[in-house]
Amino acid sequence: MSMANLAHHVQQMEDRRKEERRLYKTTTVMVPSSSDILVGKGRPFQEHPGNVMLREWIVRRQDIYETAQRYEKKRLVQSVVDQVQSSGGRFLKDGGRHWQEVDETVACAKVGHLFRDRKRPREPKAATAIKKAMGGQATEEV
C-alpha cells in the first residue's frame, strides 16, 4: 500500500468514526481512531497510535506522579483521561464484532496501571539500612 493510499484509508476511517458519533451517539465503535486508547494486552494494543501517545503523556508526568500524595495521584490520573478525551480519544475494549467504550472508572484504572507499571524501582529497605550502617560503602566479600 502506498503512502497516499494509506493516508486516504486513515482519513476514511476517521471520517467514518466522526459520522458514527454524530448519527448514533453510541458507545459502540466499528473502527477505532488513531487517538483512541485500546484497553487490552499484547503488542497490537501497545502499538496502536493512541496507546503510544498515552504512554508518552505518562512518561512526561511520571516524576510528578511518583512524588504526589494519593489524592494528587487521582487528580493526575483524571487529568490524563480528560486530556485523551479532549483530544477526541476514547478508551475502547474489544467487544467481538465491535469496540465498546469503557466507563470513566475503567479508563482511570488503565491510566493508573500505566503510571504504576512505569514506576522506578526503589532499593529494598534492608539494602538501604545496610548501606547506612556501612557508612554508604558497598559491601564486598573478600
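**Aromatic pairs and a helix contact**

Modeller: The structure, which is a predicted model, holds two aromatic pairs.

Biologist: Why is the pair of Phe45 and Trp99 called edge-to-face?

Modeller: The planes of Phe45 and Trp99 stand at 80°, and an angle over 60 degrees counts as edge-to-face. Their centres are 6.3 Å apart, within the 6.5 Å required of a pair, so the term applies.

Biologist: What does this pair tie together?

Modeller: Phe45 belongs to helix α2 (residues 43-46) and Trp99 to strand β4 (residues 99-101), so the pair ties together parts that are 54 residues apart in sequence. Both Phe45 and Trp99 are buried.

Biologist: What makes the pair of Tyr65 and Phe115 stacked?

Modeller: The angle between the planes of Tyr65 and Phe115 is 5°, and planes under 30 degrees apart count as stacked. The centres lie 4.4 Å from each other. Tyr65 is in helix α3 (residues 49-67) and Phe115 in helix α5 (residues 104-118), so this pair links parts 50 residues apart in sequence.

Biologist: Is Tyr65 buried or exposed, and how is Phe115 classed?

Modeller: Tyr65 has a relative accessible area of 5% and Phe115 has 0%. Buried means under 20%, so both residues qualify.

Notes
Residues numbered from 1 in each chain as written. Predicted model: local features only at pLDDT ≥ 70, side-chain atom pairs only at ≥ 80, totals over all residues. Heavy atoms only, no water. Phe/Tyr/Trp six-rings, centres within 6.5 Å; stacked < 30°, edge-to-face > 60°. Helix = DSSP H or I, 4+ residues; strand = E, 2+ residues; numbered from the N terminus. Buried < 20%, exposed > 50% of the residue type's maximum accessible area, 1.4 Å probe, protein only.
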